[in-house]
Structures are given as C-alpha cells and as structure tokens.
Amino acid sequence: MSRADSRPSRRAFIGATGAVAATGLTAGCESPAPKPSRHPSPASPAQVSPTGRYQAGITLPQPAQPNLLAVVADLGDAVAVGPLLAELGRAVHTLTTGTDPRLLGLPPGDLTVTIGVGPRLVRRADPSLPGAADLPRFSREQIAPQARGGDLLIQICASDPLLLPVVAAALLEQAGHRIRERWRQSGRRGPNIPVDKDISAPRNLLGFIDGIVGPHTAAEHQRHLWLAGPAPVVGGTIAVVRRMELDLPRFTALSVADQEAVFGRRRATGAPLSGGTAAWDPNLGAKTPDGRYLVPADAHVRRANPTVVGVGLMLRRSYSTDEPAGLLFISFQNDIRTFTNTLARMDDSDALLRFTTTTASATFLILPGFDQQHPLGAKMFH
C-alpha cells in the first residue's frame, strides 16, 4: 500500500468526526467529550520585600534563589555617594515590586538586589567603621588589578535567569557615568539537599554539599551575621566575594575516598568522616584503631572549623560558575576576621585549596536596610 493510499480522504475524515460529534450530542451529560489536557503554568515565586531592617538577598529568601549575577564597580572621585545610593535604592524598590518599565514586562518573582560599598567609600565616611579594611592577599591567587577590590557591589538574585541582565542594565543605566564597571560574574545553584530541620544546601561542582555550617537561626544571625554598631551600620553586614577556578579534571581523577578525605565529609550525604549525619559537628579527635584521624589533618572541615580557628560563623551564599568551571564564593559575617583568620589557617595546609585558584577578590560593607523614609545609605552618607 502506498503512503497516499494509507491516508484517509477529507470526506472520510469529516464523516468520522461528524459521527463522533453526533455521539457526543446524543449522549448528553452522561458522557461529555474529554477536554484537551493543559499543563498548569508554574506559579511565580513569591515576591521578597526590598525594604526593612536588613537588605534582602542575604537571609531572605530561604533557600537562596538558583541564579545570581554579581557586578563590581568603581565610583568617580567627585561622585556624591549619598544621592547615588538613594537613587539605586529607589530603583531597587521599583524593580523588585514590578513597577519599573525597565523590567520589559518580566514579572519580578523572587528578585532581590543587595548593595554594598567597598573599603574606600567606607573610609571616606568614617575610617573607624566596620568594612573600612581591605582584604589581605593570600596564596593561590592570580588576580588582575581590575579584579581586586572595588567601590560598589550589586548582587542580583532570582529564580528567573532572564531577570539578571535586565535588572543589571537598569541599575547601571540609573547610575550612568558616575560608576565604572570592573567585572561581573553570573552563577547558579543546584537543587537543595536537606541537611537538618529547615536547613538545606546545594552541591558544588566538586559534588559535595556546600554551606552546611553557618548561622541558621535568628539568634545565630544576631550573634554572627548582623552588625550591631556603631549606629550608621546597624543592620548591615560584611561581605567577602571571591571568584575561584576549580581544577575539575585533577579532582575527578581522585577516588571517592580520596575526594572525601579532601573535604572531611561523605560525598553522598555530607556527613563528617567521624560519623553521624550532615548536621553533626565533626569529631576532630576521633581516630581509627591504628591511631589515624578519621578526619584527616589537612581536611577542609578541620582546617576551616570555626571553633579551631577561634572565630564566629559565616553565612555562605555561594554559586557555581562555568567558563571556566569554578565557584563564586560569597560569605556574610559581622567581623571580617571570621573570613581572614579562617583563610589564613586554610592557607597553611588545606587540601581543598590545592584544587582552587582565586581570580577575583573583594570585600564590601552591605548597607543596612532601607525604606521610603530612610533611603539606602542615608545613615552613612549624608
């Protein structure tokens, strides 16, 4: 039989459909014709308020959105910092609430924008304020001058990746010639893995759950995250932003046991090698019957352990990157020494650092929250 012979004629098709229609009509309500199925459109993520005591994009939303774009820029020496920040705050409000035409019709969903100022601007306001110190240099850095430091951080996060460049363009247009972009980096987070009650964390490109240890409760946030004084910085925090390339081929070549020895945790579950679940603190004194530490001496969880280092907890909100494959490490803490002392101890002999090269590094004072009566940055820059 030819293909032409196998096709029903138009008249046969009309006859068949007419019979079906007639059957549906005579059957009445007892047998209605089925309606074509439609997949419901996914619900838009809940909006996150841009105003309040703290800026959004740090502890809210929880868990963090899957997509991020960080933009680091410099300000001209003659720029009035206060008016610029106030303008940016107003633009953040219109963008995140969906009333800004520069969104090009995109719903904002869970869009957040978090803004911080670098040490040079903090020193201009008051050299004694937290955030006035530059980050020191560490080993395993290959950082071009353009990628070290900066005056302004704009962190944009959303579930919809289309929003990131659109919002960045709107904010840079708002600032105009007053700022000059240094570098930008986009990133994404994988699915969140449950770690403990109400706590989850994503995997990084090395296959391990990233960000298990940190301040998770409101009390821990007050103790380790938010700045309590002096007055101009209350409700702010200190951010560290570092872009790292990962040597995936060399790490992948290791056995799973050797990969776990680098981190000090099980790859599949995140549990420490000393036992328990991912939420358990590693038992750094636990040994095998022949006297070897269950958590190796150079394992990441041992070298970066806050109790051993003698510092507080840092809230990590890191994102994986590609081209090249790596990590945009972002941590928030109310004392810069939480980061610098930790990395100084890691620098000594952390097995994980053998697979990383840092290509950008900066620290910023994340400004306190704002609202219509209290513009962004008004407490610091009059």
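Start by selecting R188 and D322, which form a salt bridge with their closest N and O atoms 3.2 Å apart. R188 belongs to strand β4 (residues 179–188) and D322 to the loop between β9 (319–321) and β10, so this pair ties together parts 134 residues apart in sequence. Keep in mind that the model is predicted. R188 is partly exposed, at 47% relative accessibility, and D322 is partly exposed as well, with a relative accessible area of 37%.

For another of them, select E173 and R102, whose side chains meet at 2.6 Å, N to O. E173 sits in helix α5 and R102 in the loop between α3 and β2, 71 residues apart. Is E173 buried or exposed? E173 is exposed, because its relative accessible area is 52% and the cut-off for exposed is over 50%. R102, at 25%, is partly exposed.

Next, select D347 and R140, a salt bridge whose closest N and O atoms are 4.0 Å apart. D347 lies in helix α11 and R140 in the loop between α4 and β3, so the pair ties together parts 207 residues apart in sequence. R140 is partly exposed, with a relative accessible area of 37%.

**The loop around D100**

Go back to the loop between α3 (81–96) and β2 (112–117) and select D100. D100 counts as buried because its relative accessibility is 8%, and buried means under 20%. Which side chain makes a polar contact with the side chain of D100? That of T94 does, at 2.9 Å. A polar atom of the D100 side chain also lies 2.9 Å from the backbone nitrogen of R102. Leaving out residues up to four places away in sequence, D100 touches A91, T94 and L95.

**The nonpolar cores**

Select L85, V113, V117, L152, V167 and L171; of the 42 residues in the largest nonpolar core, these touch the most other members. Elements giving two or more residues to this core include β1 (67–75), α4 (119–125) and β3 (152–158). Centre the view on L85: apart from neighbours within four places in sequence, its contacts include I115, L367, L376 and F381. A second, separate core has 23 residues, among them I143, A147, L225 and A362.

Select β7 (residues 237–246), where nine of the 10 residues are buried. β7 pairs in the antiparallel sense with β11 (residues 356–366) over 10 bridges; there, I238 has L365 as its bridge partner. β7 also pairs in the antiparallel sense with β10 (residues 326–333), over eight bridges, and V241 has I330 as its partner in that strand.

Then select helix α11 (residues 336–349), whose buried residues include F339, L343, M346 and D347. The cover over the buried residues of α11 includes β7, α9, α10 (306–309) and β10.

**Last stop: helix α8**

Select Q259, E260, V262 and F263, the buried residues of helix α8 (residues 256–263). Why are they on the same side of α8? They cover an arc of only 150 degrees around the axis, which puts them there. What covers them includes α7 (248–252) and α9 (300–303).

Methods:
Residues are numbered from 1 along each chain as its sequence is written. This is a predicted model: local features need pLDDT of at least 70, side-chain atom pairs count only at pLDDT 80 or more; totals for chains, interfaces and linings use all residues. Side-chain values use heavy atoms; hydrogens and water are left out. Buried means under 20% relative accessible area, exposed over 50%, partly exposed in between (1.4 Å probe, protein chains only). Helices (H or I, at least four residues) and strands (E, at least two) are DSSP runs, numbered from the N terminus. The arc is that of the directions from the helix axis to the C-beta atoms. Contact means heavy atoms within 4.5 Å. Two strands pair if DSSP finds at least two bridges between them. A polar contact is a pair of N or O atoms within 3.5 Å; within protein, one must be able to donate a hydrogen and the other to accept it, and residues adjacent in sequence count only if both atoms are side-chain atoms. A nonpolar core is a set of buried Ala, Val, Leu, Ile, Met, Phe, Trp, Tyr and Cys residues joined through side-chain atoms within 4.5 Å.
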